[in-house]
Amino acid sequence: MARAWLISDLTEDDRIAAEGALLMLLDDPSPLVRQAMAEVFARSADAPAAIVQALSADQPAIALPVLEHSPLLIDADLVDIVATGSDEMQCAIARRINLPASVAAAIAEVGSAAAALELIENPYAGLAPFSWDRIVERHGHLAAIRESMLQLEDLPSATRLALVAKLSDTLAQFVVARNWLGSDRADRIAGEARERSTVNIAARAFGDDMQNLIMHLRATGQLTAGLILRALLSGNLDLFGAALAELSGLPYGRVSALLNDRGGNGLQALLRRAGLPESTYAAFRVALEASHEVGYVDSGDGAARLHRRMVERVLTHCETDHSAAEPLLILLRRFATESAREDARMFCEELAAEDAIAVLPYDDDLIAA
């Protein structure tokens, strides 16, 4: 009867009678009857709207195909079902093609972790930035959620950083619970890992994405003098300038002009307006001078790791400057150790790559080709 409704050439009277009979069958004691109707009507835009609405609120085995495919369900219907339905129903809605942002926001706000995962993996779902953030806030501690989100190339940088923060916090809590590290040391290591990840993520952020990342860092209290100095010592002038523009309230173009002032007065005034500690001014000045000599690094791995020569130059200056604060020296020494270890790692990888090339079999035919 459901197929006849869709494909048969019924008169208007016959169509009315068929719809009445189908409505009566909604009360049939056997769920197989309603399931049969759901399978036929699930994808059709010509199905009886009242019947589709009733099927969408039925038990999951009947409602799922309708919730996942029916074009007759409006956004308000879907949002209501997300709020009141089971995990299976939420997952079915999350798999819908061309899922609107309002429904996706409802799933992000109240949906289960399974529904959030379906939403992340749905290439047709439209998610607003705040929906991404809400998923991270509610489910970011789950490995499956983190892994699925981090694989997305167009994930906002601020959201990616929030995921990294969730991961580092989870790992810190794990090692403390196992008594492998003390809480203070675990927190310090986690904080350093977040800073490295921040510079790494920022090296691939541009325009509005970079601005949103900076605003997120400031709102979460992560836009510190240490992070800004790390950005500069990594050669990432985009992150360095954007951070100072955010803290000082000056336009980015004006900040860039002050940073290119080789006299140094512009930089000191900018750092003071940004509210950075006076004890760090000399370190920033020497680092900026070194960056001008080394050259600008625009993106990629070069702007994501500390430059050893720059770090050592700043550290040497601060060690001979009796006004340098001890916390700054401790930070710079950590930077020096990190950059030295990173250079050693890269050197070993290059040697291993050369050895791998050296042991390749010599093939005259391959060379000739």
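A search of the whole structure, which is a predicted model, finds two aromatic pairs, where rings of Phe, Tyr and Trp (its six-membered ring) pair if their centres lie within 6.5 Å, and planes under 30 degrees apart count as stacked, over 60 as edge-to-face and the rest as tilted. The rings of Phe174 and Trp180 have planes at 80° and centres 5.4 Å apart, so this pair is edge-to-face. In the pair of Phe240 and Phe284, the planes stand at 25° and the centres 5.9 Å apart, so the rings are stacked. The latter pair links distant parts of the chain, with Phe240 in helix α16 (residues 237-248) and Phe284 in helix α19 (residues 281-294), 44 residues apart; helices here are DSSP runs (H or I, at least four residues), numbered from the N terminus.

| Residue | Relative accessible area | Class |
|---|---|---|
| Phe174 | 36% | partly exposed |
| Trp180 | 57% | exposed |
| Phe240 | 0% | buried |
| Phe284 | 0% | buried |

Two asparagines have a positive phi. Asn98, in the loop between α7 (87-94) and α8 (101-110), has phi near 55° and is exposed, with a relative accessible area of 60%. Asn179, in the loop between α12 (157-177) and α13, has phi near 60° and is likewise exposed, at 68%. Most residues other than glycine have a negative phi.

Helix α18 (residues 265-274) has the buried residues Gly266, Leu267, Leu270, Leu271 and Ala274. They lie on the same side of α18 because they cover an arc of only 130° around the axis, the arc being that of the directions from the helix axis to the C-beta atoms. The face turned away from this buried side carries the exposed residues Asn265 and Arg273, and just after α18, Gly275 takes a positive phi of about 80°.

The largest pocket is lined by 25 residues, of which Glu192, Ala193, Arg196, Arg230 and Glu338 lie nearest its centre. The elements giving two or more residues to this lining are α13 (183-202), α15 (225-233) and α21 (326-358), and the largest share, 11 residues, comes from α13.

Residues are numbered from 1 along each chain as its sequence is written. Local features need pLDDT of at least 70 and side-chain atom pairs count only at pLDDT 80 or more, while totals for chains, interfaces and linings use all residues, and side-chain values use heavy atoms, with hydrogens and water left out.

Definitions and conventions: On a 1 Å grid over the protein atoms alone, a cavity is a set of points where a 1.4 Å probe fits but cannot get out, and a pocket is an open set with protein on both sides within 12 Å along at least five of seven lines; lining residues have an atom within 4 Å of a point. Buried means under 20% relative accessible area, exposed over 50%, partly exposed in between (1.4 Å probe, protein chains only).
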